[in-house]
Structures are given as C-alpha cells and as structure tokens.
Amino acid sequence: MIDLPRRLTAEALGTGLLVATVVGSGIMAETLTKDVALALLANTVATGAILVVLISTLGPISGAHFNPAVSLVFALRRELPVRDAGFYALVQVIGGVLGAMVAHAMFALPLLQASTRVRTGGGQWLSEGIATFGLVATILAGIRFERKAVPLLVGLYITAAYWFTASTSFANPAVAIARSITDTFSGIRPLDLPGFVAAQVAGALIALTLMSWLLRGPAGVELPINPEDRS
C-alpha cells in the first residue's frame, strides 16, 4: 500500500495537470481560431488525451481519481477510507486551482480571474448529472471487466461527452471549481457552481446505485469477469 502523502501528491498533480490542459487548450484554441466548434474540438482532443496519460501513469499510485465525486463513490464502496476520501477531495481542488493558475501564467494572463461565462439552467444541470453518471459507470464497469483499458475508456468517454452533453461534460466538482477562476473558453461563473456540483454528485450516486446492482448476479454474487463462465 502506497503511503497517503504520495497518494495525495499524485491526486493533486494529476488534477492540476488535467485542469491546466483543459484551460490551456481552451485558451490556445480561442487564440488560433474564431470557429467555436473547432475550438471545442481542440479542447476535447487535448482533454481526452491527457486523461489517458494521467490515469495510466498515476493510477498505480493513487487510483487516479482526480475527482471528488469519484473519491466519494469509492469511499461508499468501502474501497477508500472516508478520511482519505476527504483528503483526496481537498488536494484535488487545490491541485485544480493551481492548474488553472499555471495555464494562465503560460499565456501571460492574470493568475486569478472571476469567470463570466454563464452555465446554468435545467439542461445544463441534467447534462452534468448524465455526464458524471456515465463517467462513474464507465469506471466501475471498466474496473470490473477491462481494468487495463480504464485509462482509454475514461479518455474516450469524456471525449464523447464533451459533444453529447449541453454542458460539455465537466463531470468533476474539483475541475468545476478550478474553471470558475478562469474567464476564458472553459470557464464557468462562480454563481453557477452549486448547481453543477449538486448535479455531479447526484449523477455519481445514481451510477453507484445502478452499477452495484448491475454488476452483481441474482443472488448478490459478483458477476465473473467472463460472463460465459456463469453457471
């Protein structure tokens, strides 16, 4: 078992690099093109790619949650101590905020900005609930059946969710908080944060409930990795 300080460092580093990629690629895209669809595509590809890298390299250290909603799910599954989950969430938020500041510094922008990008309303909240639901479901099913493929599965899921959700799939309270301090392409007004975070937590809990049932046999016995092995 890797000690807690190293796990927390991995979570902070991973979340920071994830947010730096989200914010930085958004700034770069807006700099290079006025085509919003093309800018979103550039933002999407960068985010999906970095997720594969970060989960592959830091997953063996901390589990590569980079997301308080994911840490909550693993705490409820009793696979992560509640105290550790709290520390995970704290360093994820800190890492995310630092990541946004680093992205600003790279592009010579003010380090802290109050975002003015409006993201609110029923459609946005539903999108965030669905986005987080799908992310948690992907992680839990991936761990159960294709553990080695989880980095790619998560990267591909978020790449797709950028485009099929109205909110562009934040799916992560720590990332949402970090994006509230950037008044750039990927930002969100601080005023809109509570709705996003509530929807994300709700989506994660619904996914946990459904997948806990779906991944178990009729007698409460966990399904075998190969469904053909069932008697």
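Q: Is S186 buried or exposed?
A: The model is a predicted one, in which local features need pLDDT of at least 70, side-chain atom pairs count only at pLDDT 80 or more, and totals for chains, interfaces and linings use all residues. Residues are numbered from 1 along each chain as its sequence is written, and side-chain values use heavy atoms, with hydrogens and water left out. Buried means under 20% relative accessible area, exposed over 50%, and partly exposed in between, with a 1.4 Å probe and protein chains only. S186 has 1% relative accessibility, so this residue counts as buried.

Q: Which residues is S186 in contact with, leaving aside its neighbours within four places in sequence?
A: S186 is found in the loop between α7 and α8; helices here are DSSP runs (H or I, at least four residues), numbered from the N terminus. Contact means heavy atoms within 4.5 Å. With neighbours within four places in sequence set aside, the contacts of S186 are V22, V23, R119, F170 and R179.

Q: What is the length of the polar contact that joins the side chains of T184 and T182?
A: T184 also has its place in the loop between α7 and α8, and at 8% relative accessibility T184 counts as buried. A polar contact is a pair of N or O atoms within 3.5 Å; within protein, one must be able to donate a hydrogen and the other to accept it, and residues adjacent in sequence count only if both atoms are side-chain atoms. The side chains of T184 and T182 are joined by such a contact of 2.6 Å.

Q: Why is helix α3 largely enclosed by the rest of the structure, and which helices do its buried residues pack against?
A: Helix α3 (residues 68-76) is largely enclosed because seven of its nine residues are buried. These are P68, A69, V70, S71, V73, F74 and A75. The helices they pack against are α4 (82-106), α5 (122-145), α7 (173-179) and α8 (193-214).

Q: How are α5 and α6 oriented to each other?
A: The axes of α5 and α6 (residues 150-164) lie 10 Å apart at an angle of about 160 degrees, where axes are lines fitted to C-alpha atoms over the stretch in contact and angles run from 0 to 180 degrees between N-to-C directions. Angles under 35 degrees count as roughly parallel, over 145 as roughly antiparallel, 65 to 115 as roughly perpendicular and the rest as oblique. The two helices, α5 and α6, are therefore roughly antiparallel.
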